[in-house]
Amino acid sequence: MKQIEATKVKRLCKTHNTITVNGMFPGPTWEIKNGDPLEVLVVNQARYNVTIHWHGVRQMRTGWADGPEFVTQCPIRPGGSYSYRFTVQGQEGTLWWHAHSSWLRATVYGALIIRPRDGESYPFPKPKRETSILLGEWWDANPIDVMREATRTGAAPNVSDAYTINGQPGDLYKCSTKETTIVPIDSGETNLLRVINAALNQPLFFKVANHMLTVVGADASYTKPFTTSVLMLGPGQTTDVLIQGDQPPSRYYMAARAYESAQNAPFDNTTSTAILEYKSASCTAKKCDAATPVMPSLPAYNDTNTVTAFSQRFRSRQKVQVPTDIDENLFFTVGLGLNKCPPNFHKSRCQGPNGTRFAASMNNVSFVLPRNFSLLQAHQQGIPGPVPGTKLYKLKYGSRVQIVIQDTSIVTPENHPTHLHGFNFYIIAEGFGNFNPKTDTWKFNLVDPPMRNTVAVAVNGWAVIRFVADNPGVWLMHCHLDVHLNWGLAMAFLVQNGVGKSQTIKPPPPDLPIC
Ligand code: C2O
């Protein structure tokens, strides 16, 4: 059971009334096995509406449990509850869960670890230890208020006041040294780090001083192992890496800092740290005579070359069946823009540049969520839509879909971590400039492209993804920078039922919250 409630949390010298799960920040880790059914009762004791999304879980025919508010369910009201029931099948590695309502996910999130079935093993030697590394952002304010203020004024919201590793800003921030996260390792040992970018609005670099990282999985899908000194994760993405205790026993910093591709966009340029500590080191976290840990040197905040080289190394572990004979060939633009302020708006509500409001769009439509029903419910019950901005794109059951996602931002070109609910997709190509169907198709990797649920579409760049629409329901696709989601960078697919029970969404659960 998960209880959503306000808890006192102290960070950066100040105590806040923070919305948490079971009083924990970050929230509890769920450890399951491939094929396990899950039932999670969420009880809302907070004063905000809430929903929980199981980020990356395929949710086969159980779309009612996916979680985005007003898409697959109405929110769980204060005092209400809802049981999420679904099965995790055919996915192994690291996913996570988070609130999918306003900016609550700033503090309502946690890891979802999926291990192989009994009798099966990892496709790499079993590590001695495993540690989840959740990267996040912390505001010295109530994140919901930060968001509300931005919505009211039409301006960009305040940037966060710290990055965090497992909820802690770490050594380099005020009042944070004692609580710095310690990650254990021992000489000759391997630790599997499950790195999750749970930050609201910030792609992040991650690096460990003096240690190389071997990537073995991403978004709960195994990859061909490759070794790198630095990771970059867009919000929503996960990366599993092996780290070897092959350095002199001591303490080494792990550090996370912004990758900011946008020109002139404000961001937090501070560094969050945790400490990789050798058990055999002569000192411990509390009492250490040794000098301060070694600090890794992170790439420059705008080092797009490093990011591109890194993302191009991802390959599925095995040859895969990439869908061919595409039925739906889609071209989606993702972008940031500025909207003229409506004439009836007061100046104070239009504090974007030159009296505008920020807007974001997919295919030039800024997505607006309904308020009195969920899209899935509306579809199942035949409630006539659409509300402007909530048009659904219909897909026939089983259709093979290709989407070219093209960044077309006119204000600040920015990296858009684009996340699709309910599916994994293959990223068959990525590039810069405008996608050219005549000359770019030769770049398609149809042999071993990586399978993911979130693709970091590069600034002024594009990505091509493919998937089979084999999961009936309503599925959100959106930018995982929450500020862009608020500005409307989203759309939803309606995947129709196929023939027979196995191709039809299950009936809604009896306790599904209605509006
Ligand atoms: Cu991780 Cu729609 O979200």
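**Entry 1. Overall fold**

I started with the contacts. Of the contacts in the protein with a separation of 6 or more, 77% join residues 24 or more positions apart. I note that this is a predicted model.

I then looked up the secondary structure. I find four helices and 30 strands. The radius of gyration is 22 Å, close to the 24 Å that the globule rule gives for 515 residues, so the protein is as compact as a globular protein of that length. I took the extent of the C-alpha trace along its principal axes as well: about 70 × 55 × 50 Å. Of the 515 residues, 49% count as buried.

**Entry 2. Domains**

I looked up the division into domains. Domain 1 covers 1-123, domain 2 covers 124-315 and domain 3 covers 328-503. The centres of domain 1 and domain 2, taken over C-alpha atoms, are separated by 21 Å. Domain 1 puts 30 residues into the contact, and domain 2 puts in 34 residues.

Which elements give two or more residues to the domain 1 side? I find β7 (93-99) and β8 (109-115). β7 gives the most, with five residues. By residue type, I read this side of domain 1 as 16 nonpolar, ten polar and four charged.

I looked at residues 4-118: the span is 0% helix and 46% strand, and its end C-alpha atoms lie 32 Å apart.

**Entry 3. The core**

I went to the largest nonpolar core next. It has 132 residues, and L135, L204 and I465 have the most contacts inside it. Strand β18 (residues 251-258) gives the most to this core, with six residues. In soluble globular proteins, nonpolar side chains tend to be buried together.

Leaving aside neighbours within four places in sequence, its contacts include Y163, I165, V195, L204, F206, L233 and A256. N197 is also among the contacts of L135.

Is T51 buried or exposed? T51 counts as buried, because it has 28 C-beta neighbours inside 10 Å and the cut-off is 20 or more. T51 sits in the loop between β4 (37-44) and β5 (52-55). I looked for its partners beyond four places in sequence; among them are G67, P68, E69, Q73 and H100. A99 is 48 residues from T51 in sequence, yet their C-alpha atoms are 5.5 Å apart.

I turned to H346, in the loop between β20 (328-340) and β21 (356-362). H346 is exposed, since 7 other C-beta atoms lie within 10 Å and the cut-off is 12 or fewer.

I looked for a cis peptide bond. The bond from F25 to P26 is cis, with omega near -10 degrees. P26 lies in the loop between β2 (14-21) and β3 (30-33).

I then noted positive phi values. C13 is not a glycine, but its phi is positive, at about 75 degrees. C13 belongs to the loop between β1 (2-11) and β2. C13 counts as exposed, with 10 C-beta neighbours inside 10 Å.

N460 also has a positive phi, about 55 degrees, and is not a glycine. Its loop runs between β27 (454-457) and β28 (461-468). I find N460 partly exposed, with 17 other C-beta atoms within 10 Å.

Definitions and conventions: Residues are numbered from 1 along each chain as its sequence is written. This is a predicted model: local features need pLDDT of at least 70, side-chain atom pairs count only at pLDDT 80 or more; totals for chains, interfaces and linings use all residues. A nonpolar core is a set of buried Ala, Val, Leu, Ile, Met, Phe, Trp, Tyr and Cys residues joined through C-beta atoms within 7 Å. Two residues are in contact if their C-beta atoms, placed from the backbone, lie within 7 Å. Domain bounds come from an automatic or database domain assignment. Ala, Val, Leu, Ile, Met, Phe, Trp, Tyr, Cys and Pro count as nonpolar, Asp, Glu, Lys and Arg as charged, and the others, Gly among them, as polar. The radius of gyration is taken over C-alpha atoms; the globule rule is 2.2 Å times the number of residues to the power 0.38.
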